[in-house]
Amino acid sequence: MNFLAHLHLADISDTHLVANLCGDFAKGKIEDHPQHLQQGIWLHRQIDQITDNHEIIIDLLKQFPKTSRRVAPILIDLAFDHYLAFYWEEYHHQSLDVFSQKAYKELSTTAQLPLTLQAIAPKIIQQDWLTSYQTKQGLNQAIKGVSKRLSKPELFDHAIRDVDKLYVEIEIAFRTFYPQLMAYSRIYSRKTPEQYLPNALG
């Protein structure tokens, strides 16, 4: 899952939005990060593990051409955010605009973010990344943006074309898998180890 999905799953599981977003940027032991971020990082890692090992995702990865096989997990994450944004009203009671502004406010006010997230946060907010996922053009821009941030951008040379070829297959996978992931996130948030809860003693 990418930014929008992790924020959405945090919201429906009643956990800290930005703490869940931190999972992609918080490396090492959970205990090494601020207490108020630990539950979100833990939940983010559970969601990623469930996703990576799910048969729907494994089957989808196998359908990607060799030209994009190495970056296929990233492309699926981005495409899933696109479909979540496109079908947003089916998954959340607030509009995407309202939800995005709430997320941006938390992102700008949450203390002690991982340094890499701190660096990219102004761009996320100013360029309104979350609502941009609604369109195919926005998805393509997200793919280009990720390629520029990685050390081997050439791995994405055929990414937009390959995602386009599998556009329907990715949508089917998303529509089948994401409701399951919503249920998982609610269940796992209730199973958070006590030491990672925001009110736990440090």
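A salt bridge here is a side-chain nitrogen of Lys or Arg within 4 Å of a carboxyl oxygen of Asp or Glu. Keep in mind that this is a predicted model, where local features need pLDDT of at least 70, side-chain atom pairs count only at pLDDT 80 or more, and totals for chains, interfaces and linings use all residues. Residues are numbered from 1 along each chain as its sequence is written, and side-chain values use heavy atoms, with hydrogens and water left out.

By that rule you get 4 salt bridges. One of them joins Arg175 and Glu90 at 3.0 Å, N to O. That pair ties together distant parts of the chain, 85 residues apart: Arg175 sits in helix H11 (residues 167-190), Glu90 in the loop between helix H5 (72-86) and H6. Helices are DSSP runs (H or I, at least four residues), numbered from the N terminus. Glu90 counts as exposed because its relative accessibility is 53%, whereas Arg175, at 30%, is partly exposed; the classes are buried under 20% relative accessible area, exposed over 50%, and partly exposed in between (1.4 Å probe, protein chains only).

Next, look at Lys136 and Asp164, whose side chains meet in a salt bridge at 2.4 Å, N to O. Lys136 belongs to helix H9 and Asp164 to helix H10 (residues 159-165), 28 residues apart. Lys136 has a relative accessible area of 36% and Asp164 has 40%, so each counts as partly exposed.

Staying in helix H9, find Ser147. Ser147 is buried, at 11% relative accessibility. Leaving aside residues up to four places away in sequence, Ser147 touches Pro153 and Phe156 (contact means heavy atoms within 4.5 Å).

Note on methods: Helix = DSSP H or I, 4+ residues; strand = E, 2+ residues; numbered from the N terminus.
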